[in-house]
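Dear colleague,

Please find below the sequence and structure that I am handing over to you. My notes on the model follow directly after.

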Amino acid sequence: MHVVDLGGPEKKVDAPIATGAVWLAAAISALGGLLFGYDWVVIGGAKPFYEVAFALDTPWSQAWAVSSALIGCLAGAMVSGVIADRHGRRPALLIAAVIFAVSSIGTALASGFATFVAWRIAGGVAIGMASGLTPLYIAEIAPSGSRGQLVVLNQIAIVVGLLAAQIVNWLIADPVAPGANSADIATSWNGTVGWRWMFAAAAVPAIVFVLGCILIPESPRWLALRGRWDHARAVLARLGGEEHAQLALDDIRSALGAAPRRSLRSVLQEPRFRRVLLIGVGLAVLQQWCGINVIFNYAQEIFAGAGYAVSDTLFNIVITGVVNCVFTLVALRTVERWGRRRLLLVGCTGLSAIYAAVGAGYVMGVQGWPMLLLVVAAIATYAMTLAPVTWVALSEIFPSEARGASMAIATTALWAACFLLTYTFPLLNARAGTGVTFWIYGAICAGGFVFVHRMLPETKGKTLEQIEQDW
């Protein structure tokens, strides 16, 4: 497989900081995160219109329309590890990019609900693949001093994708008149054509991602694991210079030791790595069950419960997207200073407190800007803690011999948890009410604090090989 020199300036690597070439490769791979974010959230803005177009009038059909993509996410997460470990990180990313491009057009052209769901599942496969592959790839090309920031770059791409979807939805949709009923929406431009353009817009960045995947080099750690040491050295030298290549290869050789290319089963025979996998799965589930994604996927219901009309809701969604983006940039500054563990603990504590207030607001019937501020505070807290830092930790903690497979297991657990969260919210909301539902999410965050405090060590400033040896 030909490796393209991305042309970054060589740097003395006594200070393990990323060169321009590493940042460029990470940015290209992070397009997978941008598409992940766009495809994940575009459904929220299109929801009022495709539901009318396909006559979805039951909580079950509405929940299936939103959560069906998660079936694809599960499948994509499961196959990504096999493809990434067998064929390399770059080919796996390329496959995800192609699926993103094709599924966005397919969803836009869907003639019926069954076809719509089928294409949403296909898009979910791409999301599931990119969600684990992108941070994995970035972590394997990044020097230890910049790894946290580079993986957070992927999260920034995700939230830019989220924000792009929210802005595109808002700009495409014509204003909906107050009091408009289903018949009015069904015959409007929004209900016939507009919502389709919301999905089709993703094809543009998807094509750019396809082209970018042709340019980025293969992961040097994957090449070394396959015994392709000369190729690995060439990639490392292009990314950081000859000195960096030699130091990095020495670390990789030491970590592989006498057990190169072990299977996941043989790795998990060691109790320390079973514990690592448990921690990874726990972090993945916590990131979803903390409840933030229901705000993105069910924004209409969340803001309607706080007294907002459809058009106001679309604008509020843009506000939440801007906050999400800004506070993810805060994480870019803090992840190497505060560390992974502290940020996760801050996130669990903050969300528990905010959800207690959100739940009380819904129970007491509070409406308008106070509820919007609480929702924005929850998103800000999540954006600078659990959202990016979970991916950083997952990309770091697994053993090199089975990193792709381990990441796939954790990512599969994440999407399984996300499916349960997304599918059950309408049911919980209908039975217990929005307030009690947010109290449940707050209790989960409190449990997450205990889990992180007891189980997760700090990993900032260490090479992947040092982290593995510490376990």
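Predicted model: local features only at pLDDT ≥ 70, side-chain atom pairs only at ≥ 80, totals over all residues.

The expected span of a helix is taken here as 1.5 Å times one less than its number of residues. Helices (H or I, at least four residues) and strands (E, at least two) are DSSP runs, numbered from the N terminus.

Residues are numbered from 1 along each chain as its sequence is written, and side-chain values use heavy atoms, with hydrogens and water left out.

Overall composition

The protein chain contains 23 helices and zero strands. Of its 471 residues, 59% are buried, where buried means under 20% relative accessible area, exposed over 50%, and partly exposed in between (1.4 Å probe, protein chains only). A contact means heavy atoms within 4.5 Å. Of the contacts in the protein chain between residues at least 6 apart in sequence, 83% join residues at least 24 apart.

Individual helices

In α19, the buried residues are M371, L372, V375, V376, A378, I379, A380, T381, Y382, A383 and M384. Just after α18, G365 adopts a positive phi of about 80 degrees. Helix α8 (residues 189-200) has 12 residues; the distance from its first C-alpha to its last is 16 Å, close to the 16 Å expected at 1.5 Å a residue. Buried in α8 are N190, G191, G194, W195, M198, F199 and A200.

Helix packing

For both, axes are lines fitted to C-alpha atoms, for helices over the stretch in contact, and angles run from 0 to 180 degrees between N-to-C directions. Angles under 35 degrees count as roughly parallel, over 145 as roughly antiparallel, 65 to 115 as roughly perpendicular and the rest as oblique. A crossing is left-handed if the near helix is turned anticlockwise from the far one by less than a right angle, and right-handed if clockwise.

Helix α2 (residues 31-53) packs against helix α9 (residues 203-215) at an angle of about 160 degrees, and their axes are 9 Å apart. The two are therefore roughly antiparallel, and α2 passes α9 in a left-handed crossing. L31, G32, L34 and L35 of α2 make this contact with P205, A206, V208 and F209 of α9.

Helix α1 (residues 20-29) and helix α6 (residues 147-172) have axes that come within 9 Å and cross at roughly 30 degrees. This makes α1 roughly parallel to α6, and their crossing is right-handed. V22, W23, A26 and A27 in α1 meet Q149, L150 and L153 in α6.

Cysteines

A disulfide is a covalent bond between the sulfur atoms of two cysteines; the criterion applied is a pair of cysteine sulfur atoms within 2.5 Å. The structure holds zero disulfides. The sulfur of C418 lies 7.0 Å from the closest cysteine sulfur, that of C73, which is too far for a bond. C445 is likewise in no disulfide, the nearest cysteine sulfur being that of C290 at 5.1 Å. C418 is buried, with a relative accessible area of 0%, and C445 is buried with a relative accessible area of 0%.

Particular residues

Most residues other than glycine have a negative phi. A55, although not a glycine, has a positive phi of about 55 degrees. This residue sits in the loop between α2 and α3 (59-87), and A55 counts as exposed because its relative accessibility is 56%.

G291 lies in the loop between α14 (271-289) and α15 (292-297) and counts as buried at 0% relative accessibility. Leaving aside residues up to four places away in sequence, G291 touches Y355, L421 and Y441. G291 and F425 are 134 residues apart along the chain, with their C-alpha atoms separated by 9.2 Å.

R253, in helix α12 (residues 242-256), is partly exposed at a relative accessible area of 44%. R253 and R221 are 32 residues apart in sequence and 9.9 Å apart in space, C-alpha to C-alpha.

Yours sincerely
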